[in-house]
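I opened my notebook to look up a few local details. Here are my entries, in the order I made them.

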Amino acid sequence: MSERTVALVTGANKGIGYEIAAGLGALGWRIGVGARDQHRRETAVEKLRASGTDAFGVPLDVTDDASVAAAAELIADHAGGLDVLVNNAAITGPMPQTPTTLEPTTVRTVMETNVIGVIRVTNAMLPMLRRSTAPRIVNMSSSVGSLALQTAPDTDLLPTAYLASKTYLNALTIQYAKELSDTNILVNAGCPGFTATDLNGFRGTRTPQQAATIAIHLATLPNNSPTGTFSNDTGPIPW
Ligand code: NAP
């Protein structure tokens with residue numbers, strides 16, 4: 001293993017993922033910038049390096065088995081291992097997404113990225129994470145995935161495929177945490193809050209820097225911290 005902490009952030013070329021990469025980089029960590037588009041990836045790596053982060057590009061399409069396997073190999077070769085995985089990449093998919101208008105292809109596309117992508121990347125990185133002294137998996141979820149909040153009387157209808165993908169991601173977080181409970185790997189989900197990014201046409205009210213803080217907190221939890229949790233900046237979110 002590398003002496004320095006090595007992290008992979010998926011979807012790190014822009015938005016919240018970029019700021020997670022910058023925040024973890026500011027801790028002196030080596031950051032794998034997972035991104036599928038070569039130009040966007042290289043631009044982000046250059047920008048991160050210019051601001052002092054030891055960043056390296058990791059070509060990564062979370063929907064593609066071969067891409068994910070190649071990313072694991074690249075990280076092993078380039079960094080000698082992996083300590084922290086931030087599953088940040090996600091899409092909302094095409095709108096509208098009410099249950100009665102939802103196209104099956106929309107559900108498949110959103111699930112392929114937001115759920116299966118997380119399983120694909122996590123399982124590919126697990127052999128390296130198992131060898132780390134302080135391995136952490138951070139799943140970027142959303143409060144819209146909370147069944148407790150979805151069923152609250154004052155909660156509006158929200159895009160169904162995206163919302164359900166985050167509910168599924170929350171369930172996965174719990175199940176991974178349970179399966180890995182006899183290891184030192186902590187698996188936690190975080191909600192960044194409604195943030196101005198491409199994901200919502202920059203309608204969010206928080207900055208990507210503010211949104212990154214929950215992921216940075218969960219990525220830097222000390223050993224023996226809780227696993228299988230769901231939280232935001234202000235504390236636990238009901239499942
Ligand atoms: P964003 O600006 O749209 O960024 C999403 C990132 O995911 C981009 O880097 C995108 O890459 C990448 N991505 C999408 N599909 C990918 C794939 N198949 N393979 C690899 N990378 C892929 O969104 P964001 O707002 O920063 O969202 C980051 C995370 O926070 C997501 O998990 C989102 O669900 C969650 N979240 C966001 C908000 C919010 O208000 N923004 C609220 C709650 C939760 P490209 O540039 O190549 O598309």
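I began with the lining of the largest cavity, whose residues divide into 4 nonpolar, 5 polar and no charged. I counted Ala, Val, Leu, Ile, Met, Phe, Trp, Tyr, Cys and Pro as nonpolar, Asp, Glu, Lys and Arg as charged, and the others, Gly among them, as polar. A cavity here is a set of points on a 1 Å grid over the protein atoms alone where a 1.4 Å probe fits but cannot get out, and lining residues have an atom within 4 Å of a point.

This is a predicted model, so I noted that local features need pLDDT of at least 70, side-chain atom pairs count only at pLDDT 80 or more, and totals for chains, interfaces and linings use all residues. Residues are numbered from 1 along each chain as its sequence is written, and side-chain values use heavy atoms, with hydrogens and water left out.

Among the lining residues I found Thr-10, Val-62, Asn-87 and Gly-117. Helix 4 gives the most to this lining, with 4 residues. Helices are DSSP runs of H or I with at least four residues, strands are E runs of at least two, and both are numbered from the N terminus.

Next I looked at the backbone. A cis peptide bond joins Met-95 and Pro-96, with omega about 0°. I located Pro-96 in the loop between strand 4 (84-87) and helix 4 (104-130).

Then I turned to phi. Phe-202 is not a glycine, yet has a positive phi of about 60°. Phe-202 lies in the loop between strand 6 (186-190) and helix 7 (208-219).

How values were computed:
On a 1 Å grid over the protein atoms alone, a cavity is a set of points where a 1.4 Å probe fits but cannot get out, and a pocket is an open set with protein on both sides within 12 Å along at least five of seven lines; lining residues have an atom within 4 Å of a point.
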